[in-house]
Amino acid sequence: MSAEPRLLSTRAIPAHERLIAALDVPDTDTARRLVRAFGASVAFYKLGLELLMGGDYFRLADELADAGKKVFLDLKLHDIPETVARALRNLRSRRAHFVTVHYDRRVLEAACRERGALGILAVTVMTSIDAADLRDQGFAAGTDPADLVLARAKSACDLGCDGVIASPLEARRIRSAVGPKLAIVTPGIRPAAVADDQRRVATPRDAFENGADYIVVGRPLRDAPDPRAAADAIQETIAGLFG
Ligand code: C5P
């Protein structure tokens, strides 16, 4: 990867907001404890489905906004265009920065129309999906998930979406194809020192050098013996790249 040219993001994003910590915990009290532990080391939080099911999701989102944090509502909306449009109308007054919507041309059009100040991030193809799953869903044999990701990212860009969720390994192709217009947000991040069973992952540095604008980090922060120190270490890498 290091032999490839660096595709560092040119978007005007404060460096410390490029790290998004995923609050993947079962309830808001646990989330609040984690937020306290991070302190000033994390400025941007992703609130996902696990937390939604714990109740009080939007109260926590409001608290974070009150505390000056940025909020990403990872709701992965997927319904008919009218329902998603109405959901966005109900959501757009929230002080959140991003919401996720599964790729579907007409659904994304509806979401973009009703987004207000909310940024729409298109989920192109879940990284858990492989060629066999696509075949099972009725796609032609041999359809490559990476090609589908790229086609959908280009389409999301044309539709006026604010960004896409992509694996750091897909970011380079997307950035090369769409330029700086689309925000690329990459989960699947593992700091260099961590070796686990995840395969399609990259370090924070590699993700940014491949064109990511933001990285989403969950378990490596949540499960660290010292979450704040783990976040600080990533912030140091980011400051070195963008400072
Ligand atoms: O793997 P990690 O714990 O860092 O994941 C952080 C977040 O990114 C999770 O909330 C998960 O929902 C999201 N994620 C994703 N696509 C992946 C991997 C993780 O959307 N391929």
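Q: Where is Asp-56 found?
A: Asp-56 is in the loop between α2 (49-53) and α3 (57-66). Helices (H or I, at least four residues) and strands (E, at least two) are DSSP runs, numbered from the N terminus.

Q: What should I know about the model itself?
A: It is a predicted model: local features need pLDDT of at least 70, side-chain atom pairs count only at pLDDT 80 or more, and totals for chains, interfaces and linings use all residues. Residues are numbered from 1 along each chain as its sequence is written, and side-chain values use heavy atoms, with hydrogens and water left out.

Q: Back to Asp-56. What is its phi?
A: Phi of Asp-56 is near 65 degrees, a positive value in a residue other than glycine.

Q: Why does Asp-56 count as partly exposed?
A: Because its relative accessible area is 40%. Buried means under 20%, exposed over 50%, and partly exposed in between (1.4 Å probe, protein chains only).

Q: What about phi of Lys-76?
A: Phi of Lys-76 is near 40 degrees, again a positive value in a residue other than glycine. Lys-76 is found in strand β3 (residues 70-77). Its relative accessibility is 26%, so Lys-76 counts as partly exposed.

Q: New topic, the ligand. Which residues are around it?
A: The shell holds Ala-22, Asp-24, Lys-46, Lys-76, Thr-127, Pro-187, Arg-190, Val-216, Val-217, Gly-218, Arg-219 and Pro-220. A residue is near a molecule if one of its heavy atoms lies within 4 Å of it.

Q: How does that shell split by class?
A: 5 nonpolar, 2 polar and 5 charged residues. Ala, Val, Leu, Ile, Met, Phe, Trp, Tyr, Cys and Pro count as nonpolar, Asp, Glu, Lys and Arg as charged, and the others, Gly among them, as polar.

Q: Which elements each supply at least two residues of the shell?
A: β8 (214-217) and α10 (219-222).

Q: Which side chain has a polar atom 2.8 Å from a ligand oxygen?
A: Lys-46. Arg-190 also has a polar side-chain atom by a ligand oxygen, at 2.9 Å. For Gly-218, a polar backbone atom is 2.8 Å from an oxygen atom of the ligand.

Q: How much of the ligand does the protein cover?
A: The protein covers 78% of the 450 Å² of accessible area that the ligand has on its own. Areas come from the Shrake-Rupley method with a 1.4 Å probe.

Q: Which pocket does the ligand sit in?
A: The largest pocket. On a 1 Å grid over the protein atoms alone, a pocket is an open set of points with protein on both sides within 12 Å along at least five of seven lines. A molecule sits in a pocket if more than half of its atoms lie within 2 Å of its grid points.

Q: Is Val-217 buried or exposed?
A: Val-217 is buried, with a relative accessible area of 1%. Val-217 lies in strand β8. Its C-alpha is 9.4 Å from that of Pro-191, 26 residues apart along the chain.

Q: And where does Ile-189 lie?
A: Ile-189 lies in the loop between β7 (183-186) and α9 (204-209). At 1% relative accessibility, Ile-189 is buried.

Q: Last one. Where is Ile-174 found?
A: In helix α8 (residues 168-178). Ile-174 is buried, at 0% relative accessible area. The C-alpha atoms of Ile-174 and Ala-146 are separated by 9.9 Å.

Conventions: A polar contact is a pair of N or O atoms within 3.5 Å; within protein, one must be able to donate a hydrogen and the other to accept it, and residues adjacent in sequence count only if both atoms are side-chain atoms. On a 1 Å grid over the protein atoms alone, a cavity is a set of points where a 1.4 Å probe fits but cannot get out, and a pocket is an open set with protein on both sides within 12 Å along at least five of seven lines; lining residues have an atom within 4 Å of a point.
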